[in-house]
Structures are given as structure tokens and as C-alpha cells.
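Here are my notes on this one, point by point. Have the coordinates open while you read.

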Amino acid sequence: MIETSELGKQFNDFVAVDGVSLTVQPGQILALLGQNGAGKTTTVRMLTALLQPTRGWARVNGYDVLTQGAQVRASVGVLTEQHGIYTRMSAMEYLDFFGALYKLSPANIIATRNRQLEYFGLTEAASRRVGEYSKGMKQKLALARALMHNPPVLLLDEPTSAMDPESARLVRDQIASLKSSQRTTIICTHNLAEAEALADVVAVIYRGRILVSGSVEELKRQTLGPSEYEIHFAQAWNEAPELPVGVTLLERTPEYLRVQVQNPRESNPLILRNLSARGAAMISMQETPRSLEQAYLKLMTDAQAAHLLKAQA
Amino acid sequence: MWEKLQPIWLISRRELRDQLRDWRILGPLLVLTLGFPFVMNAIAYQVVTFVNKYGGDLIVDRLVPFSILIIGFFPLTISLLGALESFVGEKERGTIEPLLGSPLEDWQLYTGKLLAGILPPVLSSLTSIAIFLVLVSKQNLNMPAFSLILQLLFLTLGHAVLMVSAAVVFSIQSTSVKAANLLASFIVVPVTFLMQAESWLLFWDDVNIMWYVVLAVMMLSALFVRLGLAHFQREYLLGRELDGLNLRWVLRAFRAHFTQGAQSARAWYAGLYRVTLKKLAMPALILIAISILTYVFSFQWTSSHLPATITQGPQSGVDFRESLGSVLGWEDAALQFNAPTIFLHNLRATLVIAMLGVFTFGILGALIFFVNISLIGVVLSAAGLFGYEPTLLFFVGIFPHGIFELPALLLSTAAVLRIGLALVTPQTERTIGEILIEALADWARVLVGLVIPLLAVAAVIEVYVTPIILCRFVSIACAILQ
């Protein structure tokens with residue numbers, strides 16, 4: 001489990017992280033989204049006890065990041081933005097080295113290393129120097145390294161950055177498969193589709209502050225408003241629709257209708273019944289797909305505008 | 001215990017393996033280790049053969065030890081590259097973060113890197129020296145005494161630790177390999193100066209002094225290791241991305257420490273007493289204790305050694321003044337005996353103590369101070385041998401101005417020593433730069449607030465008061481000072 005309260009980090013005059021409060025439960029994946037320089041990496045580094053917070057507190061797997069740095073680091077598996085692999089070592093040597101650093105027994109090191117290599121499909125290349133690996137293979141090896149000591153907490157900073165789509169998907173699938181265990185995971189990413197696919201909880205960070213956090217659906221609702229539905233007609237229908245309370249008409253053409261519904265469970269059957277009673281021949285009623293990207297971009301535009309206004313004031 | 005040491009070896013072993021797989025390091029190291037002793041041996045043989053024709057025994061005797069010193073030093077320069085990039089290189093390649101993210105303690109990480117930096121050059125140097133000694137034993141060259149070989153091996157080890165530990169400190173403080181390499185000259189140049197001094201002592205052939213040099217080099221090495229350990233912070237490696245020299249910040253920080261926020265001269269002096277002088281208590285006590293020992297030792301040494309070496313002293317005050325003038329390079333010693341010259345001379349000595357002290361954790365600065373103290377012991381002891389009462393001479397010839405001059409020198413040297421002590425004291429919440437600025441500001445406060453006024457008063461008394469008192473009690477002094 002990861003808990004932070006008013007976590008902050010200041011470098012001289014620059015505030016990198018400004019009062020981040022988060023809770024990530026075991027088994028959950030939190031995606032930390034934000035622009036470059038928003039404070040994602042600094043937050044992750046504080047949660048790894050690599051940087052000391054200048055305010056607030058954080059507990060990782062029950063350990064305080066300020067006073068129990070070694071225990072925190074022992075509980076965390078980190079995948080950094082740069083894969084950080086020693087290119088003159090073979091994958092076997094590399095995993096053995098980190099296994100030993102995390103104080104695994106020699107027998108455990110061999111067993112875990114072989115298991116990880118097999119899991120990530122690197123067994124055949126295990127004795128080759130890592131310098132000869134493709135970017136995707138290196139990233140997989142870095143992920144294998146982060147998992148060598150079976151950490152209860154995983155912190156993944158840009159796990160698929162600069163990877164080709166195929167390798168990125170492989171790594172993404174492997175991260176998704178880790179979710180089944182009771183592991184707490186934070187992913188920092190710019191890839192919103194990745195975040196949507198993997199995360200249970202999303203937090204958007206802007207200039208060191210958490211703008212919004214919650215499930216993907218909550219985030220969309222908070223940012224873009226209630227769910228939207230499209231109703232398509234079989235024949236042109238020009239009558240004015242009667243909509244129940246809590247339903248707002250967004251768009252209207254003879255072929256289709258777009259509405260925003262506060263409470264779909266109650267309102268949608270009423271809408272359908274009403275339209276049907278008034279003779280509208282409907283082909284379909286479906287929720288308008290809204291991506292996390294839309295929500296994120298809206299959030300960023302609003303945040304930047306607010307910041308500009310504040311700066312001008 | 002082994003549990004704590006094992007991670008150190010893990011780090012070192014990985015680094016060593018990495019170095020041994022890099023032909024850019026391994027190639028030159030092998031050439032220097034295996035080839036250079038043969039080159040040096042051939043040169044030594046040719047030089048000895050040539051010099052023997054003209055009876056240059058001293059050069060012949062000292063050439064082999066000197067060659068050992070050089071052979072031991074060369075592989076160190078190559079290995080310095082590995083040490084210089086030990087941390088910053090990993091940072092540039094992006095491999096440092098997983099390493100820092102491991103549960104190792106800071107000292108284990110630092111020591112592991114340090115060991116990996118020290119082992120290759122030491123092994124390489126020792127192998128080179130061994131090959132050279134085998135070659136020497138097979139030729140018509142004099143083998144140095146065992147104690148001298150031991151001294152040279154210790155010196156080589158000291159040079160290795162000194163250079164590598166300094167390089168690792170630079171590697172931690174730099175934000176790029178390029179910047180770290182540029183800083184390498186701050187290691188190589190002082191060490192080559194040190195080696196020149198060692199070579200000079202080697203030709204001088206004083207075994208005891210060489211042991212002191214070995215001890216001093218070892219101490220300096222230990223201090224550099226301590227400096228690295230004291231200031232190694234994971235955060236420092238990740239918290240900075242650019243080598244920015246913020247002069248405005250430096251000046252602001254220096255000014256803040258120098259003024260301590262005082263609005264008047266009185267408040268500033270109150271702060272000088274309340275804040276700065278209290279910090280100097282410990283280094284001042286250390287200096288006083290060693291000064292007493294130095295004085296006693298120099299006094300005793302002069303008493304027991306000087307009679308045998310004095311053959312002919314100056315016959316008159318005029319002779320003495322002339323010989324003093326020729327030693328100091330003055331056309332007329334009496335012309336230089338004025339308050340401004342004495343003040344500037346003492347101020348210059350204070351600044352030299354500071355300059356040398358800053359680069360050697362205060363050690364060389366303190367040494368100069370002790371040399372001055374030992375001179376008092378030598379002069380008073382020598383005066384005693386000529387029939388003057390040393391205690392009387394002290395009170396009439398030194399005390400009147402010394403009461404101002406000696407505390408001034410003591411305080412400025414203590415401030416310099418404190419710079420070294422502050423640097424090697426762990427203060428993880430502050431950077432080396434911050435600590436250095438504060439310590440330098442303290443030194444400047446002491447210099448401006450106390451040392452300069454005390455030296456000025458001392459110079460005036462030395463010129464206008466001391467000679468009168470001295471003349472009244474010591475007749476020859478009148479002749480010298482006339």
C-alpha cells in the first residue's frame with residue numbers, strides 16, 4: 001500500500017512537487033499522468049526514498065520514506081524512465097547482480113532469474129550481452145530486474161516510452177498480468193491509452209499538484225460532465241423530444257439525438273419509452289465513447305488557462 | 001559483519017568486471033603495467049652506465065628508487081578515468097537509478113565504487129614495480145634497501161587512494177563525465193607536485209623524513225575518503241541536472257554568513273564572538289596542544305643538535321644584519337624593518353596558510369603555523385646556547401608584540417583548520433559548496449574582525465616598542481637593530 005499526505009519537494013527556489021496526497025491500495029494500479037516536468041518522476045523518486053521530501057509524509061508498504069529508506073527500497077521494484085541496464089553484462093549476470101543486491105539466497109537467485117527470463121521470453125538471449133538487445137528486450141529485462149525480489153510495490157516510470165508498438169504492447173500485457181497479485185503499482189506515463197487500459201485509479205498532476213484523481217470513469221465524469229448517449233433513428237424524425245429531468249439535449253438532427261444524462265439507470269428507459277410513444281423509429285441508443293485523452297486534454301487546457309489568469313492577476 | 005561487507009564487494013566486482021571488459025581501459029593499463037618497467041629499466045641502465053663514467057654515485061644510487069616512484073604512478077593516471085566516471089558516468093548512462101534504488105546503505109555504495117577504483121591501479125602499479133625490481137636484480141644496478149622499497153610501496157598505495165578518492169568525490173559532485181574529466185587536473189597537478197617533493201626527499205636520502213611523508217600522504221588519503229563518505233548522498237546524484245555556477249547565490253550566501261545579519265559594527269563583533277569564535281574553539285585547542293609539543297620538541301632538538309653544527313656565527317650585529325639581508329634577499333635588512341612591511345609580511349603568511357590549508361583540509365596551513373612556532377623554539381634555544389636566558393628573551397623580545405601576533409596567527413589557522421574539519425564532518429542536509437562557503441565566510445570574519453587589527457597592532461609594537469625593551473635587556477640586540 002502507498003499513502004502520501006501533502007508530499008512536497010523543493011529544489012532551492014523551484015517547487016517540483018507541491019502537496020501530493022494519494023492512497024493506492026494493494027492490487028490497485030494507479031496511473032500518474034501529467035506533462036513533462038509536472039512532478040511525476042520526483043514523486044516516484046520520493047516514494048523510492050531516493051529523494052527526501054521537503055514537506056508532508058509518505059508511507060510505502062508501511063515504511064516511512066524519510067526514516068526507513070532502506071526498508072522502503074527493499075519493498076519497491078522500480079522501472080526507471082531510462083532502462084538503466086549495464087550493457088556489458090549478460091541478462092543472467094544482470095539479474096544475478098540485482099538478486100544479490102536484494103539479498104536473495106544463491107538458490108533463490110537462480111530460480112527467480114530463470115523464471116523471470118522465461119516469463120519475459122528472454123531465455124534464449126539470456127547469455128548474450130545486453131548491449132546487443134533491442135529496446136523492447138532491454139525494457140523487458142529492466143522489468144524482470146524490478147520484479148526479481150518479488151516486491152509488494154511496483155513503481156514504473158514511463159514503462160513503454162520510446163518503444164515500438166509491438167514491444168510496448170508486450171510490456172503492457174506483462175504489466176497487466178502482474179495486476180492479479182496483491183501488488184500496489186504506480187505507473188507514470190504519457191500514454192493515455194495505456195493508462196486507460198491498465199489503471200484502476202488515475203491521478204493527474206500539474207505543476208506539482210494533483211488536479212484530480214479517481215477511477216477513469218470518475219475522471220471522465222468530473223472533467224467532461226455526465227455520460228452522453230446517442231440515439232439513432234431509422235427514419236427522419238423531426239418532432240421536439242420530451243426529455244425527463246436530469247437529461248440535457250446536446251445535439252439534434254432528424255437522424256439522431258445526442259443527450260447528456262445525469263442518471264442513466266433511471267432516465268434512459270424513460271427516454272426510450274417517451275420517444276417510442278411519440279413514434280420515433282429507433283435503431284440504437286448507445287453511450288458516446290469518451291476517451292481518457294479527451295478528459296485529460298480538457299483538464300490540461302482548463303488548468304493552463306487558470307494558471308495564466310492567476311499569473312496575470 | 002560479512003553481511004555488511006558483501007554488498008561492497010558485489011558493487012566492486014561488477015565494476016571491475018565492467019572495466020576488464022572495456023579495452024579502452026584494459027589496453028593502456030596492460031601496456032603500462034607490462035611494458036613500462038622494461039622501458040624504465042632500459043633507461044635506468046643507460047643512465048647508470050653513462051653517469052658511472054663520471055662518478056655520479058648519488059644519481060646512480062637514487063635512480064632506481066626514483067624509477068619505482070614513477071613506475072608506480074603511471075598506471076594510476078589511466079585508472080583515474082574509471083574513478084572519475086564511477087558515479088557520474090552511470091548517471092549519464094541512466095544506470096545509476098536502479099543501483100541507488102537498491103536497499104544498500106550509502107556508505108556501502110560509496111565504498112564499493114571506491115574499492116573498484118583503487119584495486120586496478122594498485123594491482124597494476126605493484127605488478128609494474130615487481131617486474132621492474134626483477135629486471136633490476138638481473139642487471140648491474142643497485143637494489144634499494146628494503147625499508148626504502150616499503151616506503152615507495154606505501155607512497156604508491158597512498159597516491160592511489162588519494163587520487164581515486166578525490167576522483168570519486170569529483171564524480172559525485174559533477175553532473176557530467178566531461179565536467180568530471182575537466183576537474184581531473186585538480187587531482188593530477190597537486191599529486192605531481194607532491195611527487196616532485198617526494199623525489200627531492202628521495203635524493204636527499206632522509207629515511208625518517210620519508211616515513212613522515214608516507215604518514216602525511218596516508219592521512220590526506222584518509223581525509224579524502226572521509227570527505228567522500230561524509231557527503232555521499234543519493235539525493236545529490238539525482239537532484240541536480242546541470243553544472244550551474246550561480247555566482248549570485250554564492251555571493252549572497254557568503255555575504256549572509258559574513259554579516260550574520262548585523263546592522264552595526266558592534267552587532268557584527270557581537271556575532272563574531274557569539275557565533276564564529278565558538279566554532280573555532282575545538283580547532284584552536286588542537287592547535288594550542290600541538291604548538292606546545294612543537295615548541296618543546298624544537299627547543300630540545302636545537303639544544304641537542306645545534307652545538308655540533310655551529311662552526312662560525314656572526315661576529316657582530318652588522319655581520320648578522322648583512323647575513324640576514326643576504327638570506328632574505330634584502331639589500332639592507334634595516335630598511336625592511338618597518339611596520340607596514342612587517343604587517344604585510346605577516347598578512348601574506350596568513351593568506352598562504354589559508355590558501356594551502358583550503359586544499360589540504362587545513363593540514364598544510366597548520367604545518368606552516370607549527371613551523372613558525374618551532375622557529376620560536378629554535379631561536380630561544382639557540383639564544384640559550386649563546387648564553388642568553390630564553391625565558392627573559394621571550395618576554396622582552398617576543399611577548400610584547402607576540403601577545404597580538406600569535407593569537408592572530410592562531411585564530412586564522414584555526415579558521416582554516418575548521419574548513420577542513422567542516423568538510424570531513426557528515427552534514428547530509430547541506431552540500432559541500434554550502435559548507436565551504438560558510439567556513440570561508442567564518443575565516444573572512446576572523447581575518448577582517450580580529451586578525452588584521454591584531455597584526456597591525458603587533459607590527460607597530462614590533463617596530464617601536466619591542467626593540468626598546470629588547471635593547472634594555474639584551475645588548476647584542478641593540479647592535480643588530482641600530
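1. Leaving aside its neighbours within four places in sequence, which residues is V20(A) in contact with? Taking contact as heavy atoms within 4.5 Å, V20(A) touches T4(A), S5(A), E6(A), L7(A), I205(A), G208(A) and I210(A). Before going further: this is a predicted model, where local features need pLDDT of at least 70 and side-chain atom pairs count only at pLDDT 80 or more, while totals for chains, interfaces and linings use all residues. Residues are numbered from 1 along each chain as its sequence is written, chains are lettered from A in the order in which they are written, and side-chain values use heavy atoms, leaving out hydrogens and water.

2. V20(A) sits in strand β2 (residues 14-24) of chain A; strands are DSSP runs of E, at least two residues, and helices are runs of H or I, at least four, both numbered from the N terminus. With a relative accessible area of 1%, V20(A) counts as buried (buried is under 20%, exposed over 50%, partly exposed in between; 1.4 Å probe, protein chains only). G208(A) is 188 residues away from V20(A) in sequence, yet the two C-alphas are 7.5 Å apart.

3. Now the interface. Chain B puts 25 residues in contact with 25 of chain A. The two chains bury about 2600 Å² between them, and 57% of that is on carbon and sulfur atoms; buried area is the accessible area (1.4 Å probe) lost on putting the two parts together, summed over both. R21(B), P103(B) and E235(B) supply 24% of what chain B buries against chain A, more than any other three residues.

4. One to look at is E97(B) with R45(A), at 2.9 Å, N to O. As for who contributes, α1, α4 (88-93), α5 (96-100) and α11 (234-239) of chain B each give at least two residues to the side touching chain A, with α1(B) giving the most, five.

5. Last, a nonpolar surface patch of about 720 Å² on chain B, made by M1(B), W2(B), L5(B), W9(B), W107(B), L115(B) and L229(B). Patch members have over 30% relative accessible area and no salt bridge; nonpolar side chains (Val, Leu, Ile, Met, Phe, Trp, Tyr) are joined within 5 Å, like charges within 9 Å. Areas are Shrake-Rupley with a 1.4 Å probe, and for residues only the protein chains shown count as cover. The largest share, three residues, comes from α1(B). M1(B) lies in the segment before α1 of chain B and is exposed, at 74% relative accessible area.

Terms used:
A salt bridge is a side-chain nitrogen of Lys or Arg within 4 Å of a carboxyl oxygen of Asp or Glu.
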